[in-house]
Amino acid sequence: VDLLESLVTPDSGLDLSKLLLPGPGRARRYVGEPNRVNRAAPLNDRLVAEAGPLDGASAGFQQLAYTISNRDRTVGARLAGEIARRHGDAGLPEGSLEVTFTGYAGQSFGAFGVPGLNLTLHGQANDYVGKGLTGGRLVIAPPRDAADPAEPPVMAGNTILYGATGGTVFIGGRAGERFGVRNSGAVAVVEGVGDHGCEYMTGGTVAVLGSTGRNFAAGMSGGIAYVLDLDGDFAQRCNPAMVDLEPVLAEVEQQAKGGHELWHLGQTDEANLRRLIEAHLKCTGSKRAQQVLEKWTEYRARFVKVFPKEYRRALGELAASGRKQAA
């Protein structure tokens, strides 16, 4: 009750003073629970302290390794903040900081990551991986001593890449619901997602090497998703209101078709997708990625491209403007 205050006015006729009296024999009734996190050396503090110099070229190339538990939350955010404070949006040169973790990460692993900061987790992560990611790379791979599962294991929780604007994420297994929600620029590869994947996505690229839940692409107005439709039922799981579903054509087929939409990347869909899967295999050692690449022609034909209608229109206008200026 020491935290409560009556808002009743004197003319209301109500007197709540007796409800706000402290209990017998004590001045305060609220007793806070001590923080269970080890305050001596929380992981975020250690990262900042042990990352070394973060200024310009003196930062060099550093490798760090830690054990992590689900009591360690928002790991990497404080270090990212220190980098942003010194260098702004530019961050550090690519790969300046390589940090490896072993264990099970708590909420918001890698949140607000910045260019030059790469985090690799051998284990599993809770919800909100890569929240607000602006750059750098996040990798979640199975533990090094894990047995090979028959199907991709669940490696991360819900709401991955919420509000991300850049960076890359490779998850060597499945993730939960709302993967890529409000993503506006990050690139990600995952091996299966729950319901509402790519919800309200406005930019970036997502490749799903496995099944999805229902309502995929709801409110998706930008970016591109590639989904491996192994069971042939993805169209029933996708929300078609704002997107078109297309095959991923072989490079020669798409070039013959002319005007491919990835002109701004200088790539066709096939080249872009294969490049992502090759990077995913390199970062995670994924068996699914290896299978897809070994039988590329067979698997490429089973991918579905999710292409927002509004994004197609915008790219078309941008292409027409570029041709007009060239002329």
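This is a predicted model: local features need pLDDT of at least 70, side-chain atom pairs count only at pLDDT 80 or more; totals for chains, interfaces and linings use all residues.

Are phenylalanine 216 and phenylalanine 234 buried or exposed? Phenylalanine 216 is buried, and phenylalanine 234 is buried too, where buried means under 20% relative accessible area, exposed over 50% and partly exposed in between, with a 1.4 Å probe and protein chains only. Residues are numbered from 1 along each chain as its sequence is written, and side-chain values use heavy atoms, with hydrogens and water left out.

The structure holds five aromatic pairs; rings of Phe, Tyr and Trp (its six-membered ring) pair if their centres lie within 6.5 Å, and planes under 30 degrees apart count as stacked, over 60 as edge-to-face and the rest as tilted. The planes of phenylalanine 216 and phenylalanine 234 stand at 75°, with the ring centres 5.3 Å apart, so this pair is edge-to-face. It joins distant parts of the chain, 18 residues apart, since phenylalanine 216 is in the loop between strand S7 (202-208) and strand S8 (222-228), and phenylalanine 234 is in helix H3 (residues 234-237); helices (H or I, at least four residues) and strands (E, at least two) are DSSP runs, numbered from the N terminus.

Phenylalanine 307 and tyrosine 311 also make an edge-to-face pair, with 6.0 Å between centres and 85° between planes. Phenylalanine 307 is buried at 0% relative accessibility, whereas tyrosine 311, at 21%, is partly exposed.

Let me turn to asparagine 44, which is found in helix H1 (residues 43-50) and is buried, with a relative accessible area of 11%. A polar atom of the asparagine 44 side chain lies 3.0 Å from the backbone nitrogen of glycine 76. Leaving aside residues up to four places away in sequence, asparagine 44 touches Arg73, Thr74, Val75, Gly76, Ala77 and Arg78, contact meaning heavy atoms within 4.5 Å.

Finally, the sheet: ten strands form an open sheet of mixed pairing, in the order S1-S2-S3-S4-S5-S6-S7-S8-S10-S9, and two strands pair if DSSP finds at least two bridges between them. At the edges are strand S1 (62-68) and strand S9 (243-247), each of which pairs on one side only. Within the sheet, strand S4 (residues 137-141) and strand S5 (residues 168-171) pair in the parallel sense over four bridges, and arginine 137 stands opposite threonine 168 in S5.

Technical notes:
A polar contact is a pair of N or O atoms within 3.5 Å; within protein, one must be able to donate a hydrogen and the other to accept it, and residues adjacent in sequence count only if both atoms are side-chain atoms.
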